[in-house]
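Dear colleague,

Please read the notes with the structure open beside them.

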Amino acid sequence: MNLRIALSIFLLAAPAYGAEEAKVTIDNFVFTPATLSVKAGTTIVFVNHDDLPHNVVDAKGGFKSKALDTDETFARVFDKPGEIVYFCGLHPRMRGKIIVTP
Amino acid sequence: MFDANATRRQALKCMAWAGSGLLWTIDGGVPKASLVGSAQAAVGGFSMVQISDSHIGFNKPANPDPTATFMEALRKIDALPKKPDFIIHTGDITHLSKPKEFDDFDQLARTAKLDFHYVPGEHDVIDERPGEAFLERYGKNSNGKGWYSFDHAGVHFVGLVNVHDLKAGGMGNLGVEQLAWLADDLKIKTASTPIVVFTHIPLWIIAADWGWGTQDGAQALKLLSRFASVTVLNGHIHQLMQKVEGHVTFHSARSTAFPQPAPGTAPSPGPKLVPAEQLRSFLGVSSVTLTRGKTPIAITDTTLEG
């Protein structure tokens, strides 16, 4: 029993174990990299380095992050192969693309 | 002092950088802007003040204390030779739409002892259910996501909301529902009624690559085209900018919090860091004076300096 709990805690605490992680940064109103290719199952972490808030919105409405203040992050697992175009809902000229491969 | 030839451009440039409040004078239906400190009282008309982009909650180097500069803006308004009838706030009241930011703003705004009319900026609608906090506080008599109109001393004021449902790659957005409301709202007004429109993002396109414009703004301007005097006030770009096109005067007010760069002078429209001792020359308020049957609406922009 104890072992099981310990194991669950371990798994909860390290959900990314064995999974890929990638990063998109926001600097000067630009998502970098503008296009990011990842394998299905990858967690992408968006981090805002600007002095103004930004958010991350799927152009097709699939997801929307909260507003990210300076140095705040938004993480999401991309598990379905395909192309996702996203933008900043506050500054919609800011756009990026994620290509999820099988 | 000035080289007469070089100066118009320079003066405009300086204007674009000095922060201020705008005093609008509406005179014979044509608005004139002037610096708050130098504005003259309108005869037989009235004046109102526009403030914008107070960004309460912002705490970065460009202005670690926007509450203090907002208070200074209120003091400027209080010191006007003629008491304005009301204040219009053209959005970005808060930085992150947090209840405490709205509370802090409201607490200070009450000290002005003047009515405020608001439209939201994009920073005021980033709560979990976009715009809910704003509407609860300021949207009592508004339609849809916060648009409304009212009449004051023969002038028709229209508050438009262009910060919701922004589309990927786009700019500000009014949307079909609001445009239909606007058409209906203006229908009963005679062409000689002076119109003052106020909104957050410029209705005219100032810098498309920075999103400084409104996608469907031209449709609103078309609805306004039959009126003899139209004044469009906005914020969002944290600098003075003015344009007259036919009978439409466009005016962008300064922020009371921090300046932003002029289009094309920086890699992004983020806050412009200026030496602390210069900050107040980049911030300000605008005063609008309307004098019936005589001269145009006057807009006076005043910085917080001095």
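In chain A, 47% of the contacts with a separation of 6 or more join residues 24 or more positions apart, where two residues are in contact if their C-beta atoms, placed from the backbone, lie within 7 Å. For chain B the corresponding share is 75%.

Before going further, please note that this is a predicted model, in which local features need pLDDT of at least 70 and side-chain atom pairs count only at pLDDT 80 or more, whereas totals for chains, interfaces and linings use all residues. Residues are numbered from 1 along each chain as its sequence is written, and chains are lettered from A and ligands numbered from 1 in the order in which they are written.

The model scores ipTM 0.82 and pTM 0.86. Chain B has a mean pLDDT of 87, with 84% of its residues at 70 or more; pLDDT is the predictor's confidence in each residue, from 0 to 100. Over residues 1–21 of chain B the pLDDT is below 50, although this stretch has 45 contacts in the model beyond near neighbours in sequence. Residues 35–43 of chain B also stay under 50, and for them the model has 31 contacts beyond four places in sequence. Where pLDDT is low, the predicted coordinates should not be read in detail.

Chain A has 1 helix and 8 strands, which run α-β-β-β-β-β-β-β-β from the N terminus on; here helices (H or I, at least four residues) and strands (E, at least two) are DSSP runs, numbered from the N terminus. In chain A, 4 strands form an open sheet with mixed pairing, in the order β2-β1-β4-β6, two strands being paired if DSSP finds at least two bridges between them. Strands β2 (30–32) and β6 (73–78) of chain A stand at the edges with a single partner strand each, so one side of each is left without a neighbour in the sheet. Within this sheet of chain A, strand β1 (residues 21–27) and strand β4 (residues 42–48) pair in the parallel sense over 6 bridges, and A:Ala22 stands opposite A:Ile44 in β4(A).

Of the 102 residues in chain A, 29% are buried, meaning that 20 or more other C-beta atoms lie within 10 Å of the residue's own, while 12 or fewer make it exposed and anything in between partly exposed, with C-beta atoms placed from the backbone. Chain B, with 6 helices and 13 strands, has 54% of its 306 residues buried.

Finally, the contact between the chains takes 18 residues from chain A and 18 residues from chain B. A:Arg95, in strand β8 (residues 95–101) of chain A, touches B:Ala168 and B:Gly169 as well as A:Val85 and A:Phe87, not counting residues up to four places away in sequence. A:Arg95 counts as partly exposed because it has 16 C-beta neighbours inside 10 Å.
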